[in-house]
Amino acid sequence: MKRKIAVFTNGWNDDYLDFALEGIRKRAAEDNIDVFIFMDYTSYDKVEGDIIGELNILNLPKLAAFDGVLLLGNTLNNAGENAILREKVLEAKVPSLCVEYLLEGINCIRTENVNGMKELMEHMITVHGVKDIFWISGPHDNEESNERYNALVETMKEHGLTVDPEKSFEGCWSYAIVEENLPKILSKMDKLPDAFICANDSMALATCVALDNAGIKVPQDVKVTGFDNLMSGNYFSPILTSVDRGWQQRSYQAMDSLIGLMNGDPDFGDKVYHSTFDKGESCGCSMGDAGQRIQKEARTRAFSIPVERTIFDWHLIKIDEAVTNVKTPEAIHDAFAGLMEQDHNYEGDDFFICLDQQFVESMEREVTGNTEGYSKGIDVIYGMEKGVTIPRYTISVDELVPGYDPDSSETVLYLIVPLHIYAECIGYYVSKNYIKMIKDFYINSLTRHVASGLVRARQNIKLETFNKLLADISVRDELTGLYNRMGYEKIAIPYLDELRRTKKKSVIMVADINRMKMINDQYGHLQGDTAIKIVASVLKSSIPNTWKAVRYGGDEYVIIGEYEASEDMEAIKKKVLDKVTRISEDLNLPFKLSVSIGYVLIDPDNNLGNEEYFRMADEAMYEMKQEAHKLY
């Protein structure tokens, strides 16, 4: 049986994941190990409910079922994921390793933050004459961000320079936060600093954009640097000056060390590698021929990405439209099949939409959805294997992914992303060997649209159920549960018409309670209602399930059904009469309860109207009633 490794990461760091997952994949393939990547999209600017919904993916896997756990720790600080996962890992007692973030009790491979930042600052000061800087940090309590800042301060101090602590802003690693707030900061500045030094590339890129929007040119008017050496920083103009952390190499080393731990190697604690300065154009340097080549690639990418994204947006709209009018859970499967069988370029040939059983149940009845953990059952509402739609079916939550083969000779990477609406768990999305969807956040957009479509589908199904309930109420008699006069017109008569149209024999039976007026007058209407309910119950239990029973009026009933050769109408009639007598005796009713019944068999070749057959059955009932009245 193959070994399995669980990898946890945040998806917003897509450039980093390009490198890291390739290193992980490469090393896993050498030992034919399967990799299960659990990815959330939490961020500092999300609302609390959304964060809860994203973090629930951490509750999905039982870590003890894995041979090893790898945390991409530098991505897992947006909502306390590292702390949550540390507790789970230590409890599971499974070999584990954290990349780029030191967690107590867990082995770590990381690139330190000091060397590269010192090299960067040394370059800025000695080559570009930087003396006055503005610092844009990660979260104030983040160790990596603080280490980078301290290295900056130390290098400045070595050159007799000081850093004004007031010239700083907490960007929380976020492009959006910096882009929104930096214009306000710029408007209050008397003069620009020599450089904006940013704790990561995302914030540095946002800084460049905000400066450009304010008419400030980089690097001519002010210099900007980042940290992480993202591919997006290389494609940016000017090419971003940054610090490289050798991510693909680190992830390969981390995977190799984790496999060693799984093989019985002793814990090694903390392995630290140097970060290195990576020159770009945003500090004022020229990249020469290499820069021209990178910018040529960037121009091509600048054209292709909007086109690709537009086409992808059309695909998302189709997903939205596919489930707009579904009325049953099974129709969701059919709707996705109709779409994906035409176009699944973005999903790949192997993917699954897995719904939490509690969410499925909430489609048809009032059930509170999960906000922590998953149900025991997972409904694979839609999936594809090798480009072919698979039937809808249910798996155990412990199975995690449909159709998993623990003996496969192929190394498999599963990407597992939560499906939720705010805090409520919908389920999760599984992609097999198709991690390129991480790039440019395609999978985040896709799963968001799938989740919102499923919520709309649930609303439609609930509305359909409610409408059916209202429709049923409108044709049901409240006292007996039988059809009422409207039900007679809308259901029983159309049923009879269909039987006659298809040349099937049928029957109309009419029943009436004997001396009903006397029961009401002498014993009261409550006792009268009891008599009506008893007879209704007896009629319903004595006829075939497909027949239609109607409370036609006060104490009169009409039964319509398909009459087969095996039916003995006299036997059914006798069964009703006997049961009414027995129940009235068992209940010790204060009055004698009896029923008169008449019926008529309808020959499919006879052209008499329904009203005439009804009259004939009613006359047969009345003849019995006259005889009954003679007895008491």
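Reader: How do the residues lining the largest cavity divide by class?

Author: The general idea is to sort residues by side chain: Ala, Val, Leu, Ile, Met, Phe, Trp, Tyr, Cys and Pro count as nonpolar, Asp, Glu, Lys and Arg as charged, and the others, Gly among them, as polar. In this structure the lining of the largest cavity has two nonpolar, two polar and six charged residues. This is a predicted model, in which local features need pLDDT of at least 70 and side-chain atom pairs count only at pLDDT 80 or more, while totals for chains, interfaces and linings use all residues. Residues are numbered from 1 along each chain as its sequence is written, and side-chain values use heavy atoms, with hydrogens and water left out.

Reader: What counts as a cavity, and which residues line it?

Author: On a 1 Å grid over the protein atoms alone, a cavity is a set of points where a 1.4 Å probe fits but cannot get out, and lining residues have an atom within 4 Å of a point. Grid points are joined across faces, edges and corners, and the volume is the space filled by probe spheres set on the points. Here there are two cavities of 30 Å³ or more, and the largest holds about 80 Å³ of space. Its lining is made up of Glu100, Tyr101, Leu102, Arg110, Thr111, Glu112, Asn113, Glu143, Glu144 and Glu147.

Reader: Which helix or strand gives the most to that lining?

Author: Helices (H or I, at least four residues) and strands (E, at least two) are DSSP runs, numbered from the N terminus. Strand S5 (107–111) and helix H5 (143–158) each supply at least two residues of the lining of the largest cavity, and H5 gives the most, with three. Glu100, one of the lining residues, is found in the loop between strand S4 (96–99) and S5. The phi of glutamate 100 is near 65°, a positive value in a residue other than glycine.

Reader: Is glutamate 100 buried or exposed?

Author: The word buried means under 20% relative accessible area, exposed means over 50%, and partly exposed lies in between (1.4 Å probe, protein chains only). Glutamate 100, at 1% relative accessibility, counts as buried. Asparagine 32 also has a positive phi, about 50°, although it is not a glycine; asparagine 32 lies in the loop between helix H1 (14–30) and strand S2 (34–40) and is partly exposed at 24%.

Reader: Which residues line the second largest cavity?

Author: That cavity, with about 50 Å³ of space, is lined by Tyr41, Glu54, Val417, Pro418, Leu419, His420, Asn444, Thr447, Arg448 and Ala451. Strand S17 (413–421) and helix H13 (442–474) are the elements that give two or more residues to this lining. By class, the lining of the second largest cavity has five nonpolar, three polar and two charged residues.

Reader: How many residues does the largest nonpolar core have?

Author: A nonpolar core is a set of buried Ala, Val, Leu, Ile, Met, Phe, Trp, Tyr and Cys residues joined through side-chain atoms within 4.5 Å. The largest such core has 65 residues, and those with the most contacts inside it are Leu70, Ile332, Phe336, Ile353, Leu355, Tyr382 and Leu454. Helix H13 supplies the largest share of this core, nine residues. Leaving aside neighbours within four places in sequence, leucine 454 is in contact (heavy atoms within 4.5 Å) with Ile332, Phe336, Ile353, Leu355, Phe359, Leu419 and Ile426. A second, separate core of 49 residues includes Ile519, Val538, Leu539 and Ala617.

Reader: What describes a pair of aromatic rings?

Author: The distance of the centres and the angle of the planes describe such a pair. Rings of Phe, Tyr and Trp (its six-membered ring) pair if their centres lie within 6.5 Å, and planes under 30 degrees apart count as stacked, over 60 as edge-to-face and the rest as tilted. This structure has 22 aromatic pairs, one of which is the stacked pair of tyrosine 346 and tyrosine 442, 6.0 Å centre to centre with 15° between the planes. Because tyrosine 346 lies in the loop between helix H11 (329–340) and strand S13 (351–356) and tyrosine 442 in helix H13, this pair ties together parts that are 96 residues apart in sequence. Tyrosine 346 is buried at 18% relative accessibility, and tyrosine 442 is buried at 9%.

Reader: How are the planes of tyrosine 404 and tyrosine 414 set?

Author: Their planes are at 65° and their centres 6.0 Å apart, so the pair is edge-to-face. Tyrosine 404 is partly exposed at 21%, whereas tyrosine 414 counts as buried at 2%. Ring pairs link Phe8, Phe36, Phe38, Phe66, Tyr404 and Tyr414 into a cluster.

Terms used: 1 Å grid on protein atoms, 1.4 Å probe; cavity = no way out; pocket = protein on both sides within 12 Å on 5 of 7 lines; lining within 4 Å.
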